[in-house]
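This briefing covers a pocket, a helix pair and aromatic rings. Please look over the sequence and the model before reading on.

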Amino acid sequence: MNNRLILVYITGILIGISYGLQGPLLPIFAKNVIGASYADLGAIGFANFIPYMFFPLFVGILLNRFNNAHLLSLGIGINSISVYLLSISQSVPEIMGFRIMTGVAHAFFWPPCVSIISKASKEKDRVKNISW
């Protein structure tokens with residue numbers, strides 16, 4: 001297997017674990033520590049996924065102009081910063097802002113990963129490697 005594929009897989013696992021650890025705990029933190037209502041929890045979830053609906057279009061445009069590894073690194077950096085900032089947030093608007101950052105980070109993460117995997121894979125293994 002190509003070294004680039006292994007690095008992208010390891011990166012995906014680390015980001016997945018990061019997201020998997022913060023995702024279920026964030027509503028509990030917001031409800032119990034900050035005192036968020038159920039409407040606030042819905043707004044926090046909404047704030048995370050709205051950027052992910054639109055930013056991949058812009059990232060897709062950037063994929064042909066910039067190095068995919070640099071865009072992937074940018075997504076990892078934004079994700080790391082947003083996770084840290086979520087840990088020190090004190091209000092629902094702050095959490096919403098940091099979840100927007102998480103949505104942007106995902107938009108900078110997945111398209112470059114798919115592009116790197118597609119370029120590093122042979123034609124017959126491309127779909128299998130992307131699914132991994």
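The points below take the pocket, then the helices, then the rings.

This is a predicted model, in which local features need pLDDT of at least 70 and side-chain atom pairs count only at pLDDT 80 or more, while totals for chains, interfaces and linings use all residues. Residues are numbered from 1 along each chain as its sequence is written, and side-chain values use heavy atoms, without hydrogens and water.

**Pocket**
- The largest pocket holds about 250 Å³ of space; a pocket is an open set of points on a 1 Å grid where a 1.4 Å probe fits, with protein on both sides within 12 Å along at least five of seven lines.
- Its lining (residues with an atom within 4 Å of a point) includes V8, Y9, F109, W110 and W132.
- Helix 4 gives the largest share of this lining, five residues.
- By class, the lining of the largest pocket has ten nonpolar residues, one polar and no charged; Ala, Val, Leu, Ile, Met, Phe, Trp, Tyr, Cys and Pro count as nonpolar, Asp, Glu, Lys and Arg as charged, and the others as polar.

**Helix pair**
- The axes of helix 1 and helix 4 (lines fitted to C-alpha atoms over the stretch in contact) come within 11 Å and cross at roughly 165 degrees.
- Helix 1 is therefore roughly antiparallel to helix 4, a term for angles over 145 degrees.
- The contact of helix 1 with helix 4 has 16 nonpolar, five polar and three charged residues.

**Aromatic rings**
- Two aromatic pairs (ring centres within 6.5 Å) are found in the whole structure.
- One of them, F55 with F58, is edge-to-face (planes over 60 degrees apart), at 6.2 Å centre to centre and 75 degrees between the planes.

Conventions:
Grid points are joined across faces, edges and corners, and a volume is the space filled by probe spheres set on the points. Helices (H or I, at least four residues) and strands (E, at least two) are DSSP runs, numbered from the N terminus. Axes are lines fitted to C-alpha atoms, for helices over the stretch in contact, and angles run from 0 to 180 degrees between N-to-C directions. Angles under 35 degrees count as roughly parallel, over 145 as roughly antiparallel, 65 to 115 as roughly perpendicular and the rest as oblique. Rings of Phe, Tyr and Trp (its six-membered ring) pair if their centres lie within 6.5 Å; planes under 30 degrees apart count as stacked, over 60 as edge-to-face and the rest as tilted.
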